[in-house]
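Dear colleague,

I am passing on the structure we spoke about, and some notes on what was found in it follow below. Please have it open while you read.

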2 protein chains.
Amino acid sequence: MAKKLDICLSPAQLSLFDLKGKVVVIIDVLRATSTINAALANSVKEVIPVSTIEEGLEYKTKGYIVGAERGGKKYEGFSYGNSPYEYMTEEVKGKSVVLTTSNGTRALKMSQAADEIITASFLNVNAVIKYLKNQAKDIILFCSGWKDRFSLEDTMCAGSIAQGLADSTTTNADSTFAAIHLYTSHANNLFEALQKSAHFHRLSHNGMLKDIEYCVKENTYDSIPVWNGKALTLMP
Amino acid sequence: MAKKLDICLSPAQLSLFDLKGKVVVIIDVLRATSTINAALANSVKEVIPVSTIEEGLEYKTKGYIVGAERGGKKYEGFSYGNSPYEYMTEEVKGKSVVLTTSNGTRALKMSQAADEIITASFLNVNAVIKYLKNQAKDIILFCSGWKDRFSLEDTMCAGSIAQGLADSTTTNADSTFAAIHLYTSHANNLFEALQKSAHFHRLSHNGMLKDIEYCVKENTYDSIPVWNGKALTLMP
């Protein structure tokens with residue numbers, strides 16, 4: 001029997017899914033899971049996600065590089081935020097990076113009951129599709145959304161993965177149909193489509209258009225961040 | 001300033017919305033809000049929604065006509081279910097009908113903090129659009145979904161209403177963009193599109209294709225069911 005695929009459209013709906021025995025794919029296109037992939041691809045040793053600003057500050061005191069974002073902005077008192085570009089420098093190579101963001105790190109913490117947790121973004125969709133095809137577990141694509149609400153960019157990314165897995169998975173969920181439709185009808189103009197998204201407006205007001213352009217490019221990386229129980233590292 | 005429009009994609013997300021001062025539009029295309037409109041248009045005096053089977057049985061003992069549905073099927077021990085056709089007979093005219101369904105009546109009960117509650121389905125979208133255009137309150141389109149999950153048919157119906165109100169409302173919600181897109185790209189073949197929905201499979205297994213065909217016809221009625229604090233009646 002083909003493995004099952006389901007899409008959770010927002011953290012507010014995660015309780016409807018049984019994560020046991022499943023692989024959960026965390027998606028936070030703008031920007032946590034894009035940034036995590038960029039950082040690890042740039043030889044950051046590991047990304048340690050933490051839920052609160054307080055935990056971030058603790059790590060900072062210990063000398064860690066800590067990225068903190070709330071409401072789409074770098075949090076006061078931190079040198080790093082949630083932009084992929086901040087983690088492409090020589091300075092961070094080989095180091096552990098601690099990251100706390102509005103939605104993505106929270107989604108990761110919420111998924112601990114899963115058998116396996118990986119992260120996806122447009123930057124690594126093909127690698128994720130290939131990996132999921134060749135493993136046996138049922139799959140939940142978990143859209144981090146924005147403050148428990150539906151987000152267009154995460155849903156489209158989930159649609160892209162679901163589309164790539166259509167022949168090797170079964171689904172009877174309306175969310176999968178909707179996500180695939182939203183992705184396929186905008187696949188050739190993701191950046192334009194996302195200009196209609198709420199998050200686009202939040203970030204573009206903060207002058208982060210460059211980040212968005214980076215985050216909607218598909219398949220920049222051929223790697224997959226995977227949760228090892230303490231941190232995210234690249235899948236070997 | 002233009003009034004605001006937002007779409008709540010499932011009951012699991014309703015807590016994210018402040019209903020105070022707003023008009024909430026309950027949507028349960030398959031089949032509660034379609035059936036309610038059909039019944040009232042057929043001169044049923046009022047539809048009294050109740051949450052539980054027990055409440056339904058109490059009303060039945062008192063001699064009321066009671067429709068009860070769970071899991072897409074007529075509930076054992078009741079003569080009426082949740083099919084619009086059951087409420088188009090001479091027998092029900094002028095009578096009070098009590099209705100308990102899986103999702104739609106629950107959504108109605110959850111919306112009591114709103115200033116005003118009306119119901120919509122494909123059967124009355126134009127009437128709903130016209131009414132909402134000519135009133136001043138902010139609007140929440142509330143998709144009843146299926147057991148707290150996203151449903152395609154309710155989202156498409158919300159998209160149809162949002163599309164009709166695009167010039168007279170503001171929204172910055174991704175759910176609105178997605179719903180409008182899902183509706184407009186399937187507006188000419190709603191029945192075909194809904195064959196991909198989970199609920200279609202649930203109902204068609206129960207031999208209710210005829211109900212679905214009826215429920216996806218747009219603008220059969222020019223009337224709007226409205227909540228009066230106790231029951232739904234047609235808006236004068």
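The buried residues of α6(B) pack against α5 (152-164), α6 (174-184) and α8 (198-205) of chain A, together with β1 (3-8) and α5 (152-164) of chain B. This is a predicted model, in which local features need pLDDT of at least 70 and side-chain atom pairs count only at pLDDT 80 or more, while totals for chains, interfaces and linings use all residues. Residues are numbered from 1 along each chain as its sequence is written, and chains are lettered from A and ligands numbered from 1 in the order in which they are written.

Helices (H or I, at least four residues) and strands (E, at least two) are DSSP runs, numbered from the N terminus. Helix α6 of chain B, residues 174-184, has 10 of its 11 residues buried, where buried stands for 20 or more other C-beta atoms within 10 Å of the residue's own, with C-beta atoms placed from the backbone. Among them are B:F177, B:I180 and B:L182.

As for the contact between the chains (C-beta atoms, placed from the backbone, within 7 Å), 24 residues come from chain A and 24 residues from chain B. On the side of chain A that touches chain B, α5, α6 and α8 of chain A each give two or more residues, and the largest share, six residues, comes from α6(A). Because 100% of the interface residues of chain A are also interface residues in chain B, the copies meet through the same surface.

With best wishes

Terms used. A residue is buried if 20 or more other C-beta atoms lie within 10 Å of its own, exposed if 12 or fewer, and partly exposed in between; C-beta atoms are placed from the backbone. Two residues are in contact if their C-beta atoms, placed from the backbone, lie within 7 Å.
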